[in-house]
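Please open the structure in your viewer and keep the selection tool at hand. We will go from one selection to the next and say what is there.

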Amino acid sequence: DIVVNRFQYALSSGREMYRMFNEKMSMCRQSILNWLAWGGEMLEGGKRYIKRKLLQLGSTIYCDETWVWTKIRMADGTFKYVKRYMWVIVNLTTKVCYYLFGRRKRQVIEDFLDKFQGTLMTDAYNAYAYFSKLDGCTHVCCWAHVRRIFWTAQKDYKDEMAQEFIDLIGILYKVELESILLHRTEDEVLTARKTESIPILNELDQRAMSLLAKIKSKEVKVSSKLEHALNYMHNNWTELIAYIDVGSVLIDNNCCERAVRPFTNLRKSFGGFSSEKGGEVAAAWLTFIETCKL
């Protein structure tokens, strides 16, 4: 009951304590946290099994991360709230989801994935660039992140030149939607991408390069957000078009972002962790819950 309220309904331990009072059960906040911690320790063996299923040879995995304030003890003995991160990794083939609590350094995700061999879908965060160099690992970047920057340029910065890029990316998504609705096999997905998506990708690249050249020569003036979107797309082009050669990978990382949402709801509810142990406990429970939901 406590686990469901905590990790599905995002109830803080304080609210859980008062809920118990209303049901004639006297329970302090620390006891609730202790119960969750003890349960989390019991799940460690199962987490190792889920990790093996997650990193299965030749799999396609999706990875994202989000921050959370965490109270830690400093070297001088004082306590301070600092940013820590919850990494979320999803494998839709084996239907498992893994939460990893730690820092946002490349070393954290590098140690976890080790020498992973398969396809890795991420955003363009520099920590993931390492996987582009691994033998047997295909690193793919998410088109939803690209579209989001163009959409912001059009909506918030009122830059109408962003619309043509949004429309072209929309055609890429139309191809993917048709593959889902028609239940295409991986080979059929690859054929559709090569015949329908590649011409659109070529047009996107040509228009972006042409506009960037005009911006550089000051022939055209655009918003800073649109220029950022064009550079983001150009700098990560190799990873962005890598999906056309892998029939098992989706065009974006949205399945992982949906898995991040239960944690962000939790963060909004209680603000942060009072220790790093709290982050590890949340990671253990969410790993099991979101895997079961998959």
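Predicted model: local features only at pLDDT ≥ 70, side-chain atom pairs only at ≥ 80, totals over all residues.

Residues are numbered from 1 along each chain as its sequence is written, and side-chain values use heavy atoms, with hydrogens and water left out.

Begin by selecting Trp143, Phe150 and Met233, which have the most contacts inside the largest nonpolar core, a set of 68 residues. Such a core consists of buried Ala, Val, Leu, Ile, Met, Phe, Trp, Tyr and Cys residues joined through side-chain atoms within 4.5 Å, where buried means under 20% relative accessible area, with a 1.4 Å probe and protein chains only. Helix H8 (residues 186-216) gives the most to this core, with seven residues; helices here are DSSP runs of H or I with at least four residues, numbered from the N terminus.

Stay with Met233 and show its surroundings: leaving aside neighbours within four places in sequence, Met233 is in contact (heavy atoms within 4.5 Å) with Trp143, Val146, Phe150, Phe165, Leu204, Ala208 and Leu240.

Next, select helix H7 (residues 163-181), whose buried residues include Phe165, Leu172 and Ser179. The buried residues of H7 pack against helix H6 (143-155), H8 and helix H9 (224-235). Just after H7, look for His183, which takes a positive phi of about 55°.

Note on methods. Buried < 20%, exposed > 50% of the residue type's maximum accessible area, 1.4 Å probe, protein only. Helix = DSSP H or I, 4+ residues; strand = E, 2+ residues; numbered from the N terminus.
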